[in-house]
Amino acid sequence: MYIKYIKSEPPSDGFGNSNANDGRLLSSSPGAGTGGTATGNNKPAPGPPEEQQTLLAVLQFLKKSKLAESAEILRREAGLPEDALDPKGTDASGSGPGLAAGSGQVDGVDASSLLSRVTVSSSAAAQAPKKDSSLAACFYSLSASPDQPDVSVVLSAYSQQGDPSLYDAYYSGLKRFIESVLDCHRAELSQLFYPLFVHMYLELVYNNNESVAKAFFEKFSGDQECYYEQDLRILSSLTKKEHMKGNETLLDFRTSKFVLRISRDSYQLLKRHLQERQNNQIWNIIQEHLYIDIFDGMPRSKSQIDAMSGSLAGEARREANKAKVFYGLLKEPEIELPLDDEDEEAENEEGKPKKKKPKKDSMGSKSKKQDPNAPLQTRIPLPELKDSDKLDKIMYMKESTKRIRLGSDNLPSICFYTFLNAYQGLTAVDVTDDSSLIAGGFADSTVRVWSVTPKKLRKVKSAADLNLIDKESDDVLERIMDEKTASELKILYGHSGPVYGISFSPDRNYLLSSSEDGTIRLWSLQTFTCLVGYKGHNYPVWDTQFSPYGYYFVSGGHDRVARLWATDHYQPLRIFAGHLADITCTRFHPNSNYVATGSSDRTIRLWDVLNGNCVRIFTGHKGPIHALAFSPNGKFLASGATDGRVLLWDIGHGLMVGELKGHTDTIYSLRFSRDGEILASGSMDNTVRLWDAMKAFDDLETDDFTAATGHIHLQDNSQELLLGTYMTKSTPVLHLHFTRRNLLLAAGAYNP
Amino acid sequence: MAADREERRFAEVSRDSVKLMAESAGLELGDEVAALLAEDVCYRLREAAQSSAQFMRHAKRKKLTVDDFNKALRWSNVEAICGYGAQDAMLFRSVKEGELFFVEDRDINLIELALATNIPKGCAETMVRANVAYLDGKGNVGPQGTVPAAVQSLSDDLLKYYQQITRAILGEDPHLMKVALQDLQSNSKIAALLPYFVYVISGVKSVSHDLEQLNRLLHMVKSLVQNPYLYLGSYVRSLVSSVMYCILEPLAASINPLNDHWTLRDYAALLLSHIFWTHGDLVSGLYRQILLSLQKVLSDPVRPLCSHYGAVVGLHALGWKAVERVLFPHLPAYWANLQAVLDDYSVSNAQVKADGHKVYGAILVAVERLLKMKALSLPQPAEGCSSSQPGCLAGPMGYRVSSPGLSPPPEPLAEAGLGIASHLQAGGAGCQWEEWSPVPLPAMYSELYSFFGDSLAVRFSTEQSFGGFSPCTPSHFRETRKEPLGHVSNPDTTRKMPQLTANLNISPRQDGSPRTDPPPPSLAATGSVRSLARSSMQRSRASSSRSGQRSIGLSRDVFPKARFTSPHSGPPTFSFVIGGRQMGRRCQGRRPFQTIFVPTPPPPVVLPRVYTHKLPVIGRVCKPLRRWTRSHYSLHLPL
């Protein structure tokens, strides 16, 4: 029974980390349970049988692909005996059941299906040529396999189904049944409609019953929830078996189990009904393609269900959000204040609540030694602070004493940076933390960096000239700059496609840009040249972002995986796989231990940087997610999507805690004020809206029950939380930034 | 096949199109193949369209471009389609004969293009511009209000507009100016420029030598004030102050007597009244302030007459109430000064005197209006109006009947006396106009009459619209007045009124000169030496005997009755003189001329000399001083 089938969400994410060179930094973390190995999940001691199976399958695949060396490494790492592979290796091409039975390692599990999965998935990879270009991508397709039946399995399952003419009757029978049950159950059981509808339609199409499929679609597509409209549109265009190959949305749908949350009562009702009617057709689909997450207690209401549904693969399983997340902030490094700290200190005393507010957790941890919610300082290795970083921290502290305390009655001033003459070519914007530089990524492949302070941008002198300067002088840092190159604007050339993501490093020495050409480039803001081009994504990279501590960065794109990189590694350290569609935006948690990714599959996932695991899956958006923002205290996440809604999430509990309705178009930027009191959202609808984040988070009722069941009651208080709507002059708001003093900067290109 | 579909969700490529394309490629396709192909092409197109939408979303656009589509094509291993990347919309044409639609694809002569001399300019450089959009999350910080000039900049268009408009208005071409003013008055998009225009207008102070420019700037004010789309906000203060400048200041342009700065002041006053009428809400706080400053100018004898003139027209422009509150109480004090100027016939004084006449005229106009409006504002304006001409009797009757509170003359008159005294006091004190209490019409009239005499009456009698009151000739007035007085049977007052009216016919000089003894009487009391008396004496000395005779005759008629029986003084202290008609004969353009003994505050005992020291300051300071003193002596000469 699938209901009993419990397994941590993407169970084999660790495979993504099998690049040989990623271990150096991450392995030095003592707190990690997986320390010392290149692959996060492969513990020296053989894991549970399933995991071992998977390993065997991978080994076999490697062997078959003539990657003996890798297979050997993996085998050693996994602690499997030398001969573990041999019996299989001899005839890996075969997939007979007898063979699988012969392997003593696999205790009582159907190894044949496993093997067939392996072989099939390699062929599946071959079918989808773009997927097999990299080892990682191949692993990705593998990683999906143990948990979710892969393409051909699904297809063959479809082929076994019965009389197509009866589909209509089956579906309407179920519909009648659901409509006749009590109200409290109806809402829950109605969740079945959409996945059943899609699978039945696909079966019909697969079995070449085009006309029946069309009729089926015509008849029942109107019943589906309106937020599935986009998927239905794609579905309706697909009427041939041939079309199914290579259609990613459908692959997603088939390879993932649609997750439904239903109360035990409702489920029993459904089960009884289906058994009475001998409705095997539907029962089979439920068993094969659906994952029903049963809970005890009151059935949920329609609004509760609607709040959480909408993603490509249904809701998140409850187990997926059970992992502990260390959302607390890291301890701020102790920095001796400069000599003039006397008055500074005095100032701090009185200005303490103001200044320390955002750092409450970290401050608390200072006094209490350890914030229970904060990760260990050394959980992931972070770069050491340089002198310049310390100076910057001091600047930051000085600035924050002058910070304006925002609130519902004290709204920020908004300064708008308008990109003129951008000819609709502006695709990404970023502003440095100290608000001194602004950079734009453009559709013409350029990256432009402006200085928004009177201080001009200067390059470092050429090597020949650098030889001439006095290296002992005090102002050597000033002398190395070439005055002749001073200008307000520097243009960085290098990409060969629109630049979709852009991010400054915290120390303002580097700039990252991700582009349609599949690369991420690292630029030096000292020399204004490209330093590295990171290749790994073969498809457009939609977003990239530096870690708040620098050094690491994350990227995500059309290939549905997010990658964690370090600036001095040309290959990724981690690959976060699990999204069913493009990753559209990526954000680092303020403590740098987690990465959040938003996707076109309408889910948000939170990944653990340490081991690459997915620790949270948030569903509820009804459109691709284009903006993410962590609250400064690290507890909450805000997300904005094409549906114009902002959703608020409690990371610790893994719950949706708020919905902010108001925008009428895609939200492209979200930002919390420095103290976390105000949430600003910028949208395609040419407005900036300010929301009372304090109130939104204060009103939370996070009792144990809600936390346990994940059933949230959202009150519709968007209008109360909306503090202001600010129009621009036909300028979509692409980026928002709070300066250290809490002035809100917004940026966008004038769109005449 | 496609057409057979009951519902068409998408644009579809028809079988025929596929066949056509195949033919053009030299292939022959069967129907079935074509149909299958068509369907597949549709599907692939839709797929590509959906993928391209992703590019559009990530480029943060709402418009799908050819580029997006090309990128999507690359995903599906299809070659990009070139040649459609232009920003301009493509023309979609149809050919009637073939029912064919196509995108126009013109041949481009590359040679011509390459050798063309009109090289297109590069597109403008992409740049970032910062502007503070919202301050403290409040309101759209538009150009109005308190935006610091540093963060506010004008778009090129606005800048150009501003330059053109100012150039046109301040330039030579009157026609251009007219157009510019017209536009300024009706343009709805110049809110951002308001501060700049206001700044330009505030430049009046620097062009005070150029009447023409001043005039143009005032016109600009007018246009701005009349523009219905502009919210003047706090800028109205600046505008008002510019206008006030034109009204009050002794402009450099007024040094030259040929410059008609009077008209400018008139116009500015008109403008001021316009501002107060149309933007009363904005300037209500200014009203008092302006009254005070006008009063200050008026009461400052050092100021040139043109400033005084401005003050008077300004008051006039602010409405009769302002006149009543400021000018009227101040008139007695002022009159003395003016009189002195008017009575100086020296050649060197000619210019000043001419100015004095101007002021005189302005005052006259103002007080006439005051009287008119006051009468109208009495409870029965409607009735009075209805019976305008023939109702000279009915009018006053109505007036009496309808306002019993006012009609018993004794009371108002008694009050009048007090009122006069009090405001005289006030006038002396400076500007305590808050203490001002309304003077009843009759008293006011009587007092004004004491200044203006006939000329006031003349104006009234010619005024048709002055309901009930205006048509009254003085005699009528007297009669009607008598009646109620009789009713109330207060002999004192009955006598008083006729006396006043009687004075209408008195030729002032004759009255004044003989009787005004060294201690010239004031209205109420005795003993104070009045400079005005002196001046009138002087004039009387200068004036011809004929007029004197005539006036004597007139005065005799009335005189017996016209005993000024103010309770305090005996008949001989009869104090006011109205000098009038002869002026027309004598002098340049000063038509109605009266000399009046004003009920100025009776300074207990002021020696003439002392007084003259105070007075002489209209216009020029030194000379008149002497003249005044001389005139004082001259007073005795005829005697």
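**Exercise 1. B:N77 and B:K60**

At 71% relative accessibility, B:N77 counts as exposed. Then decide whether B:K60 is buried or exposed.

Before starting: this is a predicted model, in which local features need pLDDT of at least 70 and side-chain atom pairs count only at pLDDT 80 or more, while totals for chains, interfaces and linings use all residues. Residues are numbered from 1 along each chain as its sequence is written, chains are lettered from A and ligands numbered from 1 in the order in which they are written, and side-chain values use heavy atoms, without hydrogens and water.

Solution. 
- Step 1. Helices (H or I, at least four residues) and strands (E, at least two) are DSSP runs, numbered from the N terminus.
- Step 2. Turn to B:K60, in the loop between helix 2 and helix 3 of chain B. The phi of B:K60 is also positive, near 60 degrees, and B:K60 is not a glycine either.
- Step 3. B:K60 is buried, at a relative accessible area of 16%.

**Exercise 2. Helix 3 of chain B**

Task: how many residues of helix 3 (residues 66-75) of chain B are buried, and what covers them?

Solution. 
- Step 1. Count: 7 of the 10 residues are buried, so the helix is mostly covered.
- Step 2. Name them: B:D68, B:F69, B:N70, B:K71, B:A72, B:L73 and B:W75.
- Step 3. Find the cover. It includes helix 2 (31-58) of chain B, and strand 10 (499-504) and strand 14 (541-546) of chain A.
- Step 4. Chain B has 27 helices and 4 strands.

**Exercise 3. A helix pair**

Task: describe how helix 12 (residues 305-317) and helix 13 (residues 320-342) of chain B pack.

Solution. 
- Step 1. Two packed helices are described by the angle between their axes and the distance between the axes.
- Step 2. Here the angle is about 155 degrees and the axes are 11 Å apart. Axes are lines fitted to C-alpha atoms, for helices over the stretch in contact; angles run from 0 to 180 degrees between N-to-C directions.
- Step 3. Helix 12 and helix 13 of chain B are therefore roughly antiparallel (over 145 degrees; under 35 is roughly parallel, 65 to 115 roughly perpendicular, the rest oblique).
- Step 4. List the contacts (heavy atoms within 4.5 Å). From helix 12 come B:L305, B:H308, B:V312, B:L315 and B:H316. They meet B:A322, B:V323, B:V326, B:L327, B:Y334, B:L338 and B:V341 of helix 13.
- Step 5. Sort them: 10 nonpolar, 2 polar and no charged. Ala, Val, Leu, Ile, Met, Phe, Trp, Tyr, Cys and Pro count as nonpolar, Asp, Glu, Lys and Arg as charged, and the others, Gly among them, as polar.

**Exercise 4. A:N280**

Task: where is A:N280 found, and is A:N280 buried, exposed or partly exposed?

Solution. 
- Step 1. A:N280 is in helix 17 (residues 280-289) of chain A.
- Step 2. Its relative accessible area is 46%, so A:N280 is partly exposed.
- Step 3. A:Y170 is 110 residues away along the chain; the C-alpha atoms of A:N280 and A:Y170 are separated by 9.4 Å.

Key: Buried means under 20% relative accessible area, exposed over 50%, partly exposed in between (1.4 Å probe, protein chains only).
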